[in-house]
Amino acid sequence: FPENLTQAAARAEPNGLRALSAREREIARLAAQGHRNKQIAHRLALREGTVKIHLYHIYSKLQVRSRTELALIAQRERLI
């Protein structure tokens, strides 16, 4: 990895998960718990494409590049 994951989580948006909408937080929690997009979509009665769009916005707002970085932030902020 070009940088370690702790550094990546530390550079994430300072407002953290508060920058996300309620739906984005819900999707972020499920993704951070390891659910696949299809599972998240089924659970929340959404289309898989909608979940992908939400994840794109979540990654942008939090300045992360992966579910692993998202999971570190979710754990740090006690979302999971």
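1. Basis. This is a predicted model, in which local features need pLDDT of at least 70, side-chain atom pairs count only at pLDDT 80 or more, and totals for chains, interfaces and linings use all residues. Residues are numbered from 1 along each chain as its sequence is written, and side-chain values use heavy atoms, with hydrogens and water left out.

2. H4 against H5. Helix H4 (residues 48–62) packs on helix H5 (residues 67–76) at about 65 degrees, and their axes are 11 Å apart. Helices here are DSSP runs (H or I, at least four residues), numbered from the N terminus. Axes are lines fitted to C-alpha atoms over the stretch in contact, with angles running from 0 to 180 degrees between N-to-C directions. The crossing of H4 past H5 is left-handed (the near helix is turned anticlockwise from the far one by less than a right angle).

3. The H4–H5 contact. H4 brings Leu 55, Ile 58, Tyr 59 and Leu 62; H5 brings Arg 67, Leu 70 and Ile 73. Contact means heavy atoms within 4.5 Å. By class, six residues are nonpolar, none is polar and one is charged.

4. H5 itself. Its buried residues are Glu 69, Leu 70, Ala 71, Ile 73 and Ala 74. Buried means under 20% relative accessible area, exposed over 50%, and partly exposed in between (1.4 Å probe, protein chains only). Arg 78 follows H5 and has a positive phi, near 60 degrees.

5. The core. The largest nonpolar core has 17 residues, and Ile 27, Ile 40, Leu 55, Ile 58, Leu 62 and Leu 70 touch the most other members. Such a core is a set of buried Ala, Val, Leu, Ile, Met, Phe, Trp, Tyr and Cys residues joined through side-chain atoms within 4.5 Å. H2, H3 (37–44), H4 and H5 each supply at least two residues. H4 gives the most, with five. Beyond four places in sequence, Ile 27 touches Ile 40, Leu 44, Leu 46, Val 51, His 54, Leu 55 and Ile 58.

6. Glu 24. Glu 24 sits in helix H2 (residues 22–32). Glu 24 counts as buried because its relative accessibility is 6%. Its side chain makes a polar contact of 2.8 Å with that of Lys 61 (a pair of N or O atoms within 3.5 Å, one able to donate a hydrogen and the other to accept it). Beyond four places in sequence, Glu 24 touches Ala 19, His 54, His 57, Ile 58 and Lys 61.

7. Gln 33. Gln 33 lies in the loop between H2 and H3. Gln 33 is partly exposed, at 41% relative accessible area. Gln 33 and Ala 74 are 41 residues apart in sequence, yet 9.0 Å apart in space, C-alpha to C-alpha.

Conventions: Nonpolar A, V, L, I, M, F, W, Y, C, P; charged D, E, K, R; others polar.
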